[in-house]
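Subject: Structure handover and notes

Dear colleague,

I am passing on the structure below, together with my notes on what was found in it. Please read them with the structure open beside you.

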Amino acid sequence: MVVREMSRWMSRIDERILEQLDDANDSMSAWELAYDIDEATRGRVRERCHVLAHAGFAEVLPREPNCEQYVITGWGQQYLVGEVNADLRRPLPAPRPPESVRPGRYVGFG
């Protein structure tokens, strides 16, 4: 059994995304990943893929507008087999928690 070192920045579906990308023979879109991961929407999968890309676990392949494709990187594969601790691969820029984002009225948009 593989013991993976998950980090606080990781979401529950991140491992599922990485596993799906690892099983795929080619790149996958957010729609394809969300279809395979029942508990996630396409928008949520897209968001998490970008976070994984900032951490170096996935790569975003820009195609047509709103049709990005994602592939797993070597770091992502090493994470899946337990060779990489996710705490040592933090996403840059770091994702901002929703509770720390100010409403638009603070900056004049609302």
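I begin with a salt bridge between Arg 48 and Asp 14, whose closest N and O atoms are 2.7 Å apart. Since Arg 48 belongs to helix H3 and Asp 14 to helix H1, the pair ties together parts that are 34 residues apart in sequence. Both Arg 48 and Asp 14 are buried. Please keep in mind throughout that this is a predicted model.

The salt bridges come to five in total. Besides the pair already described, Arg 44 forms a salt bridge with Glu 47, with the closest N and O atoms 2.8 Å apart, and these two residues both lie in helix H3, three residues apart, which is about one turn of the helix. Arg 44 has a relative accessible area of 33% and is therefore partly exposed, and Glu 47, with a relative accessible area of 41%, is partly exposed as well.

Another salt bridge is formed by Glu 68 and Arg 46, where the closest N and O atoms are 3.5 Å apart. Glu 68 sits in the loop between E2 and E3 while Arg 46 is in helix H3, so this pair ties together parts that are 22 residues apart in sequence. Glu 68 is buried because its relative accessible area is 19%, under the 20% limit, whereas Arg 46 counts as partly exposed at 40% relative accessibility. Finally, Arg 12, Arg 16 and Glu 39 are linked in a network of salt bridges.

Turning to the sheet, three strands form an open arrangement in the order E1-E3-E2, with antiparallel pairing. Strand E1 (28-29) and strand E2 (58-61) are the edge strands, each of which pairs on one side only. Helix H1, covering residues 12-23, packs on this sheet and touches E1, E2 and E3, and the direction of the helix makes about 85 degrees with that of E3. Helix H3, covering residues 42-55, lies across E2 and E3 and runs at about 115 degrees to E2.

As for the pairing itself, E1 is joined to strand E3 (residues 69-72) by two bridges, and these two strands run antiparallel; Met 28 has Tyr 70 in E3 as its bridge partner. Between E2 and E3, which also run antiparallel, there are four bridges, and Ala 58 stands opposite Ile 72 in E3.

Which residues does Thr 73 touch, leaving aside those up to four places away in sequence? Thr 73 is found in the loop between E3 and helix H4 (74-80), and with that exclusion its contacts are Gly 56, Phe 57, Ala 58 and Glu 59. With a relative accessible area of 17%, Thr 73 is buried.

The largest nonpolar core holds 25 residues, and those that touch the most other members are Trp 9, Ile 17, Leu 21, Leu 33, Val 45, Phe 57 and Tyr 79. The elements that give two or more residues to this core are H1, helix H2 (30-36), H3, E3 and H4, and the largest share, five residues, comes from H3.

Not counting residues up to four places away in sequence, Leu 21 touches Met 28, Leu 33, Ala 58, Tyr 70, Val 71 and Ile 72.

A last point concerns the cysteines, for which the count of disulfides comes to zero. Cys 49 counts as buried, at 0% relative accessibility, while Cys 67 is partly exposed, with a relative accessible area of 32%.

With best wishes

Terms used:
Residues are numbered from 1 along each chain as its sequence is written. This is a predicted model: local features need pLDDT of at least 70, side-chain atom pairs count only at pLDDT 80 or more; totals for chains, interfaces and linings use all residues. Side-chain values use heavy atoms; hydrogens and water are left out. Two strands pair if DSSP finds at least two bridges between them. Contact means heavy atoms within 4.5 Å. Axes are lines fitted to C-alpha atoms, for helices over the stretch in contact, and angles run from 0 to 180 degrees between N-to-C directions. Buried means under 20% relative accessible area, exposed over 50%, partly exposed in between (1.4 Å probe, protein chains only). A salt bridge is a side-chain nitrogen of Lys or Arg within 4 Å of a carboxyl oxygen of Asp or Glu. A disulfide is a pair of cysteine sulfur atoms within 2.5 Å. A nonpolar core is a set of buried Ala, Val, Leu, Ile, Met, Phe, Trp, Tyr and Cys residues joined through side-chain atoms within 4.5 Å.
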